[in-house]
Amino acid sequence: MPRPRVYKTKAVVLRHRKLGEADLILTLYSPELGKLDAVAKGARKPTSRLAGHLEALSHTNVMLAQGKSLDVVTQSQTIEAFRAFWEDLERMSRAVYVAELVDKSTPEQQPNRALYELLLQTLRYLAETAQIDVVVRWFEVQALTVLGYRPRLDRCVRCQADLTPVANYFSAVAGGVICHDCVGNGLIVRPLSLNALKILRLMQHSYVEQVLRVRIDGPLADEIEGHLREYLYTVLEREMKSTSFLQVLKREALAGT
Amino acid sequence: MTNSIYTTAAPVARLIEELHKLPGIGPKSAQRLTYHLLRAPAEDARALAQAILEVKEKITLCSICQNVTDADPCSICDDHGRDSASLCVVEEPLDILALERTRSFKGRYHVLHGVLSPMDGTGPGDLKIQELLERLRSGEVTEIILATNPNLEGEATAMYISRLLKPLDLRITRLARGLPMGGDLEYADDVTLTRALEGRQEV
């Protein structure tokens, strides 16, 4: 979509990068334009009129002017600041991961309204609910769908047969579940428990409210996280940097108990 | 076709390339600086080269506060007139300069040399946090002032450190956030305004 010289859009601020002495490059995710980088001039000065309204992980209304290479933010007004992220490191770290996943899984300036809505909804839940990790897993499953990488969970991806309610296998390379009969032939698979399959299906088909009613923790949560990480790594072919930070927090939480 | 295009002499090209590596110096600025140095008196050029070498040879990190210094311990850590009970934790050495300019802090400092940046994969191990914990062991410090920047990375770092120090019986404070001088209420964001209201003061 060609942009007008000056235009307005809503956007989620995915990340900041420093530019020069006092400027910032923002990575925005907008419903109309998809991912785009924009410059916020003087946003690192204390008196900046823009900076407070362009915080990372916030939902904001921006006015942009086309620049030579990058567009320039001329006005901004916060819609939702998500204060909870700034008061709780656990929430913030999950939100950062979600933002990174959107940043790394999308090309520039290709709108995907479903992904935008998903991102916003996820941030809202991350700011409020106690089960932040379940929200992140739900986001991952849903993001795979709206990005076009939806894993097949209803039948075996090889033989197309209906799955029997036993432990099956999950293959990131094959794009979904593999049944007992089709496993082998050098295909890399991970054992998939029946409960994990059920939860993954639920996440694929349901609103987050429904998923949050189910108790997902302990080894089951770890199994689901493992499947999704492997799957995301296979389709996106890149590692999320913020996961290492999540792991540091997790290790310290375990050490503290 | 042979290599017939005119190129600058190798030493000149090398200086351009080296200057180009500096922050804020583009290819054209690098050329301009190089030709300026070419025309400048030899002693000026030597003085510059010497200064660069000295910085690299004589400057180390203070073994106590991790600030850059030419004497170990640095002049702040060595100053007995300062209050050893309060410790101000900053991101970069330049932040100390800014705080010292205010002349209103008489405690000591600790430089982290960076911030936690989950998105860039900078973790606690990349910062001088272990050194901070070591320092607190003596029990001399009773208050920690977290003076990291009020942005995502700075807040993440402040939250992380305060969580880490919770078990120690310390007063942990964070620099106040509010309206800047020369600011404008109309353009202030909600978070800043809320905090400014919360921290309002009797006149």
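Trainee: Into which domains is chain A divided?

Mentor: In this predicted model, chain A has domain 1, covering 6-81, and domain 2, covering 84-256. The C-alpha centres of domain 1 of chain A and domain 2 of chain A are separated by 29 Å.

Trainee: How many residues of domain 1 of chain A are in contact with domain 2 of chain A?

Mentor: On the side of domain 1 of chain A there are 13 residues, and they are in contact with 16 residues of domain 2 of chain A. Two or more residues of the domain 1 side come from each of S1, strand S2 (23-30) and strand S3 (34-40) of chain A. By class, that side of domain 1 of chain A divides into seven nonpolar, three polar and three charged residues.

Trainee: Those elements are strands. How do strands of a sheet pair?

Mentor: Strands of a sheet pair through backbone hydrogen bonds, and the pairing is either parallel or antiparallel. In chain A, five strands close into a barrel, and their order is S1-S2-S3-S5-S4. The pairing in this barrel is mixed. On average, neighbouring strands of the sheet are turned by 50° against each other, direction ignored.

Trainee: Do S1 and S4 of chain A run parallel or antiparallel, and how many bridges join them?

Mentor: Strand S1 (residues 6-19) and strand S4 (residues 59-65) of chain A run antiparallel, and seven bridges join them. For one point of orientation, look at Val12(A): its bridge partner in S4(A) is His59(A).

Trainee: Let us turn to helices. At what angle do helix H5 and helix H7 of chain A pack?

Mentor: A helix pair may be described by an angle, a distance between axes and a handedness. Helix H5 (residues 194-205) and helix H7 (residues 218-236) of chain A pack at about 65°, and their axes are 10 Å apart. The crossing of H5(A) and H7(A) is right-handed.

Trainee: Which residues of H5(A) and H7(A) meet?

Mentor: H5(A) brings Asn195(A), Ala196(A), Ile199(A) and Leu200(A), which meet Leu220(A), Glu223(A), Ile224(A) and His227(A) of H7(A). In this contact, five residues are nonpolar, two are polar and one is charged.

Trainee: May we read chain B in this way? Into which domains is chain B divided?

Mentor: Chain B is divided into domain 1, residues 10-58, and domain 2, residues 82-174. The C-alpha centres of these two domains of chain B lie 35 Å apart.

Trainee: At what angle do the axes of helix H1 and helix H2 of chain B cross?

Mentor: Helix H1 (residues 10-20) and helix H2 (residues 27-39) of chain B have axes that come within 8 Å and cross at roughly 130°. That angle makes H1(B) oblique to H2(B). The crossing of H1(B) and H2(B) is right-handed.

Trainee: Which residues of H1(B) and H2(B) meet?

Mentor: From H1(B), Val12(B), Leu15(B), Ile16(B), Leu19(B) and His20(B) meet Pro27(B), Ala30(B), Gln31(B), Leu33(B) and Thr34(B) of H2(B). This contact has seven nonpolar and three polar residues, and no charged ones.

Trainee: Finally, how many residues of chain B are in contact with chain A?

Mentor: Chain B has 23 residues in contact with 24 residues of chain A. On the chain B side, helix H6 (152-165) and helix H7 (190-198) each supply at least two residues. The largest share, six residues, comes from H6(B). By class, the side of chain B that touches chain A has 11 nonpolar, six polar and six charged residues.

How values were computed: Residues are numbered from 1 along each chain as its sequence is written. Chains are lettered from A and ligands numbered from 1 in the order in which they are written. This is a predicted model: local features need pLDDT of at least 70, side-chain atom pairs count only at pLDDT 80 or more; totals for chains, interfaces and linings use all residues. Domain bounds come from an automatic or database domain assignment. Two strands pair if DSSP finds at least two bridges between them. Helices (H or I, at least four residues) and strands (E, at least two) are DSSP runs, numbered from the N terminus. Axes are lines fitted to C-alpha atoms, for helices over the stretch in contact, and angles run from 0 to 180 degrees between N-to-C directions. Angles under 35 degrees count as roughly parallel, over 145 as roughly antiparallel, 65 to 115 as roughly perpendicular and the rest as oblique. A crossing is left-handed if the near helix is turned anticlockwise from the far one by less than a right angle, and right-handed if clockwise. Two residues are in contact if their C-beta atoms, placed from the backbone, lie within 7 Å. Ala, Val, Leu, Ile, Met, Phe, Trp, Tyr, Cys and Pro count as nonpolar, Asp, Glu, Lys and Arg as charged, and the others, Gly among them, as polar.
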